[in-house]
Amino acid sequence: MASSFEILCGIAVLFLALYYYLTSTFDFWKSRGVVGPKPVPFFGTTKDLILVKKSTAHFVKDIYEKYKNEPMVGLYATRSPFLLLNDPELIKDILIRDFSKFANRGLGVFERTEPLSPHLLNLEVERWRPLRSRLSPIFTSGKLKEMFYLIIECSLNLETYLDKLIEKNEPIECRELTARFTTDVIGSCAFGIDMSSMTNENSEFRRMGREVFAVNFMNVMRMKLKQFMPRLYDLLGYVMPDRTFAPFFTRVVTDTIKYRNDNNIVRPDFINMLMELQKNPQKLENIKLTDSLIAAQAFVFFLAGFETSSTTMSNALYELALNQDVQKKLREEINTFCPKNNKELKYDDIKEMEYLDKVFKETLRMYPPASILMRKAISDYTFNDTKITIPKEMKIWIPAFAIHRDSAIYPNPDSFDPERFDQDAMASRHPMHYLPFGDGPRNCIGARFAVYQTKVGLITILRNHKVEVCEKTIIPYEFDPGAFLLSPKDGIYLKITKI
């Protein structure tokens, strides 16, 4: 029988072996002459992220500011080294000039755990490239012009819904208000389905959208495992697969396609584009277009389309409530295009509203939905004008939020000033210093659509209503550390009154 001493020795050896495993990579950046915070066992340099003590936005901003004069910062996710880029020219290399070497986002596809994860946002370059080129035509300005009347129809429902809320004389939670509008827009423009988010309080689509982004224990745990322990997360597909979203969206998409095929229905929308690809699979080279892969593309368009735009709308309303002079100036511009005789808003009107465009851009500067952009090296890579080489599979973080709040680039960065986006001011900045939609070939495919639905929503609310802060408005704005996309903690409550 083993003595107590032998047992203790065994425990010590195991402990030392584990310690060595957890720390054996910690000289990676030092040996390459790249500075960065000191890592600790198990957590690396991401302890505050793993323990949900800080939002990704603030975690990265703190590092960015500490190492502001460095072109890059070496970090560790548990024991895996990754790199934060500060230098705009290096960022341009990664996103645009050397895109072919960083064509993957590095977000991962987990088909066992999440059957709907192989979508455009996550897909590796081999499947992403042919899908992106075939789906891009649905987002041209011509297609958007065809769909514009559908966005206007939803905006009329938004006005009716908002007036009902105002009658209650209570603070309005603007994220829920705007999410109901954008859910209906996506339903109409992408799926050809009336999602009834504004007419039915218990809309199934709104409930699903709310659940995907809910900051609860299960969602946060899944997100952290995916981010910091991807292999373990993949294995969890055997015990905790997605039994909610995948069955729902796969059924919605397959039922919609079947109904259209049976009834010869053609609409200028996203589902129609997917149906065309199904009928002509040779256009996708060697990709097998399964029901699940089709549903995944519709799923990400639904999620990205409603959440990012609704958050941007509510963030704009928050800043306009705090900055009444800006709100007044914007309403004056809106009313020059929407006279009192209820003239219907036209597609070209949106393009001509210069001040609205500045307000929109400044909102995305202060609150970019993705606080970081991620890329993954497809091969070994040496950064230009440096001797620093990174290996294949290395992940790169680009700190969009931190750049947008850098006082050297945007003076008084926490104040809301749409004039930062007049032509002269924009021309004076490096193009990599404004990245709300990313940049390069892997930028946001639906950016144009997002711009139009957000602007129509803001016009609808502000044309006949005044937005003000109230006793439930959280000032200053607080970021939710557990949220996947940059979003406010405990919602955005404002007072909205009819003018």
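1. Basis of the values. The model is predicted: local features need pLDDT of at least 70, side-chain atom pairs count only at pLDDT 80 or more, and totals for chains, interfaces and linings use all residues. Residues are numbered from 1 along each chain as its sequence is written, and side-chain values use heavy atoms, with hydrogens and water left out.

2. Helix 8 against helix 13. Helices (H or I, at least four residues) and strands (E, at least two) are DSSP runs, numbered from the N terminus. The axes of helix 8 (residues 204-213) and helix 13 (residues 291-322) are 11 Å apart and cross at an angle of about 85°. Axes here are lines fitted to C-alpha atoms, for helices over the stretch in contact, and angles run from 0 to 180 degrees between N-to-C directions. Helix 8 and helix 13 are therefore roughly perpendicular (65 to 115 degrees; under 35 is roughly parallel, over 145 roughly antiparallel, and the rest oblique).

3. Residues at that contact. Helix 8 contributes Phe205, Arg206, Gly209, Val212 and Phe213, which meet Phe302, Leu303, Phe306 and Glu307 of helix 13; contact means heavy atoms within 4.5 Å. By class, six residues are nonpolar, one is polar and two are charged. In this scheme Ala, Val, Leu, Ile, Met, Phe, Trp, Tyr, Cys and Pro count as nonpolar, Asp, Glu, Lys and Arg as charged, and the others, Gly among them, as polar.

4. Helix 11. This helix (residues 245-263) has 19 residues and spans 27 Å from its first C-alpha to its last, close to the 27 Å expected at 1.5 Å a residue; the expected span is 1.5 Å times one less than the number of residues. Its buried residues include Phe245, Phe248, Phe249, Val252 and Arg260, where buried means under 20% relative accessible area, exposed over 50%, and partly exposed in between (1.4 Å probe, protein chains only). The buried residues of helix 11 pack against helix 7 (174-191), helix 8, helix 12 (270-279) and helix 13. Just after helix 11, Asn264 takes a positive phi of about 50°.

5. Thr45. This residue sits in the loop between helix 1 (4-23) and helix 2 (47-50). Thr45 is buried, at 10% relative accessible area. A polar atom of its side chain lies 2.9 Å from the backbone nitrogen of Tyr76. Leaving aside residues up to four places away in sequence, Thr45 touches Pro37, Lys38, Pro39, Phe59, Leu75 and Tyr76.

6. Glu114. The loop between helix 4 (88-97) and helix 5 (125-135) holds Glu114, which counts as buried at 17% relative accessibility. Its side chain makes a polar contact of 2.8 Å with that of Lys226; such a contact is a pair of N or O atoms within 3.5 Å, where within protein one must be able to donate a hydrogen and the other to accept it, and residues adjacent in sequence count only if both atoms are side-chain atoms.

7. Backbone features to inspect. Most residues other than glycine have a negative phi, and most peptide bonds are trans. Val52 has a positive phi near 55° and is partly exposed at 26%. Asn412 has a positive phi of about 50° and is exposed at 58%. A cis peptide bond, with omega about 0°, joins Ile475 and Pro476; Pro476 lies in the loop between strand 8 (465-468) and strand 9 (493-498).
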